[in-house]
Amino acid sequence: MRFIDAWSYKCANCLTKQLNESHEQKRIYYYGFQILIGGIVKAIIFLAVSYITGVLIPVIATLLFFGFIRTVAGGYHMDKFDKCLFTSLILFIGAGFIAKYAGPQLSTLILSILTAVVFLMALFVLIKYAPSDTPYKPIVNPVKRKRLKIISIINLCIWVVVNFLLIYYEQKMFAMAGIVGVLLALFIVSPAGYAFFDAISGKCH
């Protein structure tokens, strides 16, 4: 969105002048402000749309589970804010509806089976592909790559314990949010996810 670029440029320009920094440093500030301002705008829109559609709590729960894996496992980053926002809204609002309406309808046995299946799938994907980087932010340090892979697997193990506890205590909506949240995190790490988002971004050849 143009206003995000404009605000980011003004903030970066102001900060560069105040600190008497170089033009190269200004580019770094500009990128940082884009992430910060874009994140704030995205969060506001997410919360507003989730509230209007009646799925605020399940969407927040899904985002928390998603972020728990995403922050260390990495994954695809769309280079256009508007496409990223629109795609994310569809995916997470849809996930919120699934968690709210499908989760409570499922038995604890089915939810337990789904959790176990997702755990095994996730373990395979994380071992094979995590951490998944991008050309814009490559992870070239092998020690760091190994550390992030280990942390992502540990986070996955924590998630599966939490999800089984949610199922045990009959918190089916939150358990379903955990399932779809982790599935979304896996998808953006996998080659299938990269191909899907490349197609949306118009990068297919």
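This report describes the fold, surface, charges and selected residues of a predicted model.

Residues are numbered from 1 along each chain as its sequence is written, and side-chain values use heavy atoms, with hydrogens and water left out. Because the model is predicted, local features need pLDDT of at least 70 and side-chain atom pairs count only at pLDDT 80 or more, while totals for chains, interfaces and linings use all residues.

## Overall fold

The chain contains 8 helices and 0 strands, and its order along the sequence reads α-α-α-α-α-α-α-α. Helices (H or I, at least four residues) and strands (E, at least two) are taken as DSSP runs and numbered from the N terminus. The C-alpha trace spans about 60 × 45 × 35 Å along its principal axes.

Of the 205 residues, 39% count as buried. Here buried means under 20% relative accessible area, exposed means over 50%, and partly exposed lies in between, with a 1.4 Å probe and protein chains only. Contact means heavy atoms within 4.5 Å. Among contacts between residues at least 6 apart in sequence, 76% join residues at least 24 apart.

## Surface and charge

The chain exposes about 11,900 Å², of which carbon and sulfur atoms supply 71%. Accessible areas come from the Shrake-Rupley method with a 1.4 Å probe, and for residues only the protein chains shown count as cover.

A nonpolar surface patch of about 560 Å² is made by Leu109, Ile110, Ile113, Leu114, Val117, Met121 and Leu183. Patches consist of residues with over 30% relative accessible area and no salt bridge; like charges are joined within 9 Å, and nonpolar side chains (Val, Leu, Ile, Met, Phe, Trp, Tyr) within 5 Å. Helix H5 (residues 108-129) gives the most to this patch, with 6 residues. Ile113, one of the patch residues, is found in H5 and is partly exposed, with a relative accessible area of 45%.

There are 19 positive and 8 negative side chains, and the centres of the two sets lie 3 Å apart. Lys and Arg count as positive and Asp and Glu as negative, whereas His and the chain ends are not counted. The place of a charge is taken as NZ of Lys, CZ of Arg, CG of Asp or CD of Glu.

Side chains of opposite charge can pair when their charged atoms come close. The structure holds 1 salt bridge, defined as a side-chain nitrogen of Lys or Arg within 4 Å of a carboxyl oxygen of Asp or Glu. Glu170 forms this salt bridge with Lys172, and the closest N and O atoms are 3.9 Å apart. Glu170 counts as partly exposed at 49% relative accessibility, whereas Lys172 counts as buried at 17%.

## Backbone features

Most residues other than glycine have a negative phi, and most peptide bonds are trans. Glu170, in the loop between H6 and helix H7 (172-189), has a phi near 65°, a positive value in a residue other than glycine. The peptide bond from Ala130 to Pro131 is cis, with omega near -5°; Pro131 is found in the loop between H5 and H6.

## Selected buried residues

| Residue | Relative accessible area | Contacts |
|---|---|---|
| Ser88 | 13% | Phe46 and Ile93 |
| Ser152 | 0% | Ile69, Val72, Ala73, Leu126 and Ala130 |
| Asn155 | 11% | Phe68, Ile69 and Val72 |
| Ala175 | 0% | Asn163, Leu166 and Ile167 |

Ser152 is placed in helix H6 (residues 142-168), and Asn155 also lies in H6. Ile69 and Val72 are among the contacts of Ser152, and both are also touched by Asn155.

Ser88 lies in helix H4 (residues 81-102). Ala175 is placed in helix H7, and its C-alpha atom is separated by 44 Å from that of Gln25, 150 residues away along the chain.
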